[in-house]
Amino acid sequence: MKNNMKFSFGNSFNLKRNSALVILLGAHQPDQKVLEALSQTDNLSVREAFSSRGVLQNLSGVHLVILGDLLPISDVSEEILHSALDKSGIPVVTQDSFVIDPAEWLGRARLTSAKQVSFLPARQINLVNWSGGVGKTTLAMAVCKRFVRNTGLPAALLELSMGGSALHARISPDLPEFFTIATHKAEPALWNGVSLYPMDGRTIDVLWSEDPQGVRNLLVDIQRKHTLFVVDCFPGHPLFSELSKPKPGLINLVVSSPRDDAILQARRLMSEVSEPHHLVLNMAKSVSDRAESGVSIVLPYNETWAQSLDPRLADPILEQAYTGWKRRN
């Protein structure tokens, strides 16, 4: 690969003038693979630093720090550098880790700089519990609405229901249903920019038994077209095993209310679903609810928030999918 980047051993070199994203590469011997990955990204400028002092001097306006070995400087120790980086809120990654997944780290960098972004890594969030009434559908709707509004990127919401559709009840009974979409009789409805795939348990049994590959193809197509794919899951659904297989970008969030039966089912599921997985306690009312062990996210009981799909319900969940979300939104 031909590299046309020009180095200036002072402060920075430019990949594009007037670029939107600023990367600080701190290393006295930059990894060529890092430089190649950065050269393939538009609207990017890279600052360089060779010492810990140089990194601190160039932090202003930076969206991502890529660190390698630095020249030792007596007046700025590694401890001071790392403390400053921790407090800055800027994502930091080693050269080796950046090379493994540049898109992931450039996505995090964009989250530090703007609400409307051009790229984020694809994610699938499964919201799951055997028990009904724990708020999975409300949270799924809130997460999708918040994501599209703050990023401008596409999101899809799929409902795995064994009975009637909660999305039909919450939004409109006229929404095209999964069976209709899969059989090419309608396109998915858009709600607040979110592609909706409501499901009726009676029709999916027929579809799954007659054309399982067609269903799989539609699921692949949904994920290919959307940055965020949120699944409102019932574990007994025939598609759950398909959509819960471990893969990059999949996060299982087991949602529970403080009800004893819901907590019991949630803890059981935590031992069954693949990692990364987190326990979400929704509709918490008391201090004892909030003290429940093993909980990653606690969301309060608030009818106003639930009815309005308040961003405060969505942000803690999106933080699990995109590190740095809450800090920048």
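**Close-up views of a predicted model**

**View 1. Contact between helices H6 and H15.** Thr138, Leu139, Ala142, Val143, Arg146 and Phe147 of H6 meet Pro311, Leu313, Ala314, Asp315, Ile317 and Leu318 of H15. By class, this contact between H6 and H15 holds nine nonpolar, one polar and two charged residues. The model shown here and in the other views is predicted. Two packed helices are described by the angle between their axes and the distance between the axes. For H6 and H15, the axes come within 8 Å and cross at roughly 80°. H6 is therefore roughly perpendicular to H15, since angles of 65 to 115 degrees count as such.

**View 2. The eight-stranded sheet.** Eight strands form an open sheet in the order E8-E9-E7-E10-E6-E11-E12-E13, with mixed pairing. Strand E8 (189–191) and strand E13 (297–300) are the edge strands, each pairing on one side only. On average, neighbouring strands of this sheet are turned by 25° against each other, direction ignored. Strand E7 (residues 155–159) and strand E10 (residues 228–233) run parallel and are joined by five bridges. Ala156 has Phe229 as its bridge partner in E10.

**View 3. Helices lying across the sheet.** Helix H6 (residues 136–151) lies across E6, E7, E8, E9, E10, E11, E12 and E13, and runs at about 170° to E10. Helix H15 (residues 311–321) lies across E6, E10, E11, E12 and E13; its direction is at about 170° to that of E13.

**View 4. Strand E11 and its two partners.** Which way do the side chains of E11 point? Leu250, Asn252, Val254 and Ser256 point one way from the strand, while Ile251, Leu253 and Val255 point the other way. In a regular strand the side chains alternate between the two faces of the sheet. E11 is mostly covered, with seven of its seven residues buried. Five bridges join E11 to E6, and these two strands run parallel; the bridge partner of Leu127 in E11 is Leu253. E11 also pairs with E12 in the parallel sense, over five bridges. In that pairing, Val254 stands opposite Leu279 of E12.

**View 5. Lys136 in helix H6.** Not counting residues up to four places away in sequence, Lys136 touches Leu127, Val128, Asn129, Ser131, Asp232, Cys233 and Val255. Lys136 and Leu269 are 133 residues apart in sequence and 15 Å apart in space, C-alpha to C-alpha.

**View 6. Ser131 between E6 and H6.** Ser131 belongs to the loop between E6 and H6. Its relative accessibility is 8%, so Ser131 counts as buried. Apart from neighbours within four places in sequence, the contacts of Ser131 are Lys136, Arg259, Asp261, Ala262 and Gln265.

View 7. The loop between helix H11 (240–243) and strand E11 (250–256) contains Ser244. With a relative accessible area of 15%, Ser244 is buried. A polar atom of the Ser244 side chain lies 2.7 Å from the backbone oxygen of Phe240. Leaving out residues up to four places away in sequence, Ser244 touches Asn126, Leu250 and Ser274. Leu250 is itself one of the buried residues of E11.

Note on methods. Residues numbered from 1 in each chain as written. Predicted model: local features only at pLDDT ≥ 70, side-chain atom pairs only at ≥ 80, totals over all residues. Heavy atoms only, no water. Helix = DSSP H or I, 4+ residues; strand = E, 2+ residues; numbered from the N terminus. Buried < 20%, exposed > 50% of the residue type's maximum accessible area, 1.4 Å probe, protein only. Polar contact = N/O pair within 3.5 Å; in protein donor to acceptor, adjacent residues only side chain to side chain. Contact = heavy atoms within 4.5 Å. Pairing = 2+ DSSP bridges. Axes fitted to C-alpha atoms, helices over the stretch in contact; angles between N-to-C directions. Parallel < 35°, antiparallel > 145°, perpendicular 65-115°, else oblique. Nonpolar A, V, L, I, M, F, W, Y, C, P; charged D, E, K, R; others polar.
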